[in-house]
Amino acid sequence: MPRLVVDRDTCMSSGQCYMVQPRLLQPDEEDIPVPTAEEFPEEDREALMDAVHACPTGALSIQE
Amino acid sequence: MTATDDRTQDPAADPRVEGLRHAPGGYDPTSVDYVADPHEVLRQMREDGGVHVYQAHQGPRVVLTRWADVEALLRSKDVFKDVRKLAPDDPRRVGVLPDENPMASAAPSILGLDAPEHDRLRRLVNRAFTPRAVEALTPRIEEIADRLLDEVAGQDEIDFMEALAIPLPVIVISEMLGVDPEDRAQFKQWSLTMVNSDLRPDDHDRIRRGRAARQAMRAYFDRVVAQRREAPGEDLISALVLAEEEGDRLTHEETLTMLGLLLNAGNLTTTDLLGNGLLALLSHPGQVEALRERPELMANAVEEMLRYTPPVLGTGRTTAHPQEVAGCPVGQHVSVSGSVISANRDPEVVEDPDRFDITRDEIRYLSFGGGIHFCLGANLARNEARLTLERLFHRYSDIRLAVDPAQAEWRGGGAFRGLERLPLRVTTRTGG
Ligand code: HEM
């Protein structure tokens with residue numbers, strides 16, 4: 001099942017990912033996104049890709 | 001050519017935008033009147049469907065004024081920015097490519113590239129602009145602001161633009177890039193000449209000087225990039241050069257383009273955030289009082305300034321193929337512009353949007369764009385604005401506008417919105 005990985009050193013807290021997919025990610029107290037689940041079901045894959053593509057810095061990736 | 005000339009053609013006669021409503025006559029982004037007070041006509045446009053077409057310099061242009069539509073445009077994968085995808089004779093290529101702009105080079109900047117080329121280049125600069133990296137610059141930015149305030153010490157009237165808003169961003173970025181101390185005065189001069197020529201696109205003399213400054217700047221970067229390759233330091237130019245060396249990732253041309261962009265994208269914009277923001281604040285004496293009582297509100301005040309009076313009016317994309325834009329059929333290769341300044345005042349998203357209120361919570365705006373082109377310098381610009389205004393309010397116990405806000409001198413034209421001058425009457429804090 002796909003997992004969402006956040007590179008905290010690259011993230012600029014633009015908020016783009018949790019604006020497009022608030023169900024999958026939520027900001028922590030530093031405004032860095034945290035995935036709302038360890039793993040996501042297969043049917044969320046497209047939504048996950050949507051969040052990954054919204055990121056201006058390439059800080060999000062999907063791992064299997 | 002003036003805007004009136006442009007309007008003599010019928011934009012909706014173009015089959016690619018057939019059937020779209022015309023923008024009302026008051027919508028003329030090239031005019032000073034529009035820039036000075038765009039909000040009434042934008043409200044009309046939002047209420048009248050939010051999708052209009054007008055005849056711009058280089059053909060018909062669709063303009064979106066509702067938040068949802070502007071945001072969707074910024075994230076859409078069916079539009080592009082890279083002008084090389086247009087036909088070779090398309091007039092929209094002119095001015096963006098190197099023959100017209102000496103700071104541009106054979107390589108387009110990330111601002112004019114689409115995924116995946118954009119992402120590869122942007123990845124190399126992101127780290128210098130993360131919240132943590134920018135936070136580390138705080139003491140230095142404060143020092144620069146204090147130094148600039150020292151230069152106007154003793155005066156009871158100052159032009160905020162000239163004293164702080166224009167020079168501060170230029171100094172900060174040149175230090176980040178790693179311009180050598182002995183070159184900084186010259187570098188600042190070039191940057192200011194460039195900003196001044198951007199400020200007045202109608203002044204040919206300024207344009208000529210701006211062009212010469214761009215050329216000199218490029219030659220300078222050319223030399224410094226070569227030096228840093230020999231002896232890298234801790235600065236941003238070295239970081240770009242090292243990234244280039246490691247995986248053959250940035251070519252020399254790409255490095256020069258990136259440096260030009262870092263310099264150009266952040267100067268006028270941050271200058272205008274400072275100017276527009278302070279004008280809005282000082283036009284609302286009750287808000288100034290709130291800030292004097294609770295100085296920790298400054299970060300939130302800067303967010304409200306970004307929403308209420310954004311430096312960039314809007315940003316454009318081009319349709320890759322025929323499609324529906326905000327529910328309206330639009331053909332291929334049509335310019336579509338998202339009005340950020342309008343979206344920020346869409347009552348569907350922002351409560352009581354015409355009220356300037358630095359105590360709002362959850363301030364939302366599209367002033368830094370959205371999606372993959374979301375402003376690289378957003379954290380830097382926010383910090384520069386907050387720190388500069390904090391130092392200003394620390395230095396002076398009383399700050400007032402020396403002009404009637406209704407008489408403020410706005411610059412005309414282009415995608416930027418900012419002031420020519422912002423005269424202030426100030427009282428220096430005693431014992432501070
Ligand atoms: C208040 C100040 C600023 C405002 C309002 C602003 C606004 C914007 C906007 C709206 C965009 C997106 C353009 C688009 O969608 O086509 C953008 C992109 C960009 N900005 Fe800023 N900006 C500001 C300050 C800065 C600073 C200080 C820097 C850097 C030193 C900077 C560097 C950039 C760069 C490099 C891009 C291109 C990003 C990309 O295409 O991936 N900006 N900015």
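Helices α13 and α15 of chain B are roughly perpendicular to each other (the class for angles of 65 to 115 degrees; under 35 degrees counts as roughly parallel, over 145 as roughly antiparallel and the rest as oblique). In this predicted model, local features need pLDDT of at least 70 and side-chain atom pairs count only at pLDDT 80 or more, while totals for chains, interfaces and linings use all residues. Residues are numbered from 1 along each chain as its sequence is written, chains are lettered from A and ligands numbered from 1 in the order in which they are written, and side-chain values use heavy atoms, with hydrogens and water left out.

The axes of α13(B) and α15(B), the latter spanning residues 298–308, come within 9 Å and cross at roughly 100°. Axes are lines fitted to C-alpha atoms, for helices over the stretch in contact, and angles run from 0 to 180 degrees between N-to-C directions. Helices (H or I, at least four residues) and strands (E, at least two) are DSSP runs, numbered from the N terminus. From α13(B), the contact (heavy atoms within 4.5 Å) involves B:L273, B:G277, B:A280 and B:L281; from α15(B), B:V302, B:M305, B:L306 and B:Y308 take part.

Helix α13(B), residues 252–282, also packs against α11(B), residues 204–230, at an angle of about 125° with the axes 10 Å apart. These two helices are therefore oblique to each other.

The table gives the residue classes of both contacts. Ala, Val, Leu, Ile, Met, Phe, Trp, Tyr, Cys and Pro count as nonpolar, Asp, Glu, Lys and Arg as charged, and the others, Gly among them, as polar.

| Contact | Residues by class |
|---|---|
| α11(B) with α13(B) | six nonpolar, four polar, five charged residues |
| α13(B) with α15(B) | seven nonpolar, one polar, no charged residues |

Chain B contains an open sheet of six strands in the order β1-β2-β3-β9-β6-β4, with mixed pairing. Strands pair if DSSP finds at least two bridges between them. Because β1 (21–22) and β4 (79–80) of chain B stand at the edges with a single partner strand each, one side of each is left without a neighbour in the sheet. Strand β4(B) runs antiparallel to β6(B), residues 314–319, and is joined to it by two bridges. Within β6(B), B:T319 stands opposite B:V79.

Five bridges pair β10(B) with β11(B), residues 423–428, in the antiparallel sense, and B:D398 has B:T427 as its bridge partner.

The loop between α16 (340–343) and α17 (378–395) of chain B holds B:C375. Its SG atom, at 2.3 Å, is the only protein donor of the iron atom of the ligand. Donors are N, O and S atoms within 2.8 Å of the metal (3.2 Å for Na, K and Ca); water is not among the atoms, so sites may look incomplete.

Two backbone features remain. B:A115 and B:P116 are joined by a cis peptide bond with omega of about 0°, and B:P116 lies in the loop between β4 and α5 (117–122) of chain B. B:A326, although not a glycine, has a positive phi of about 50°.
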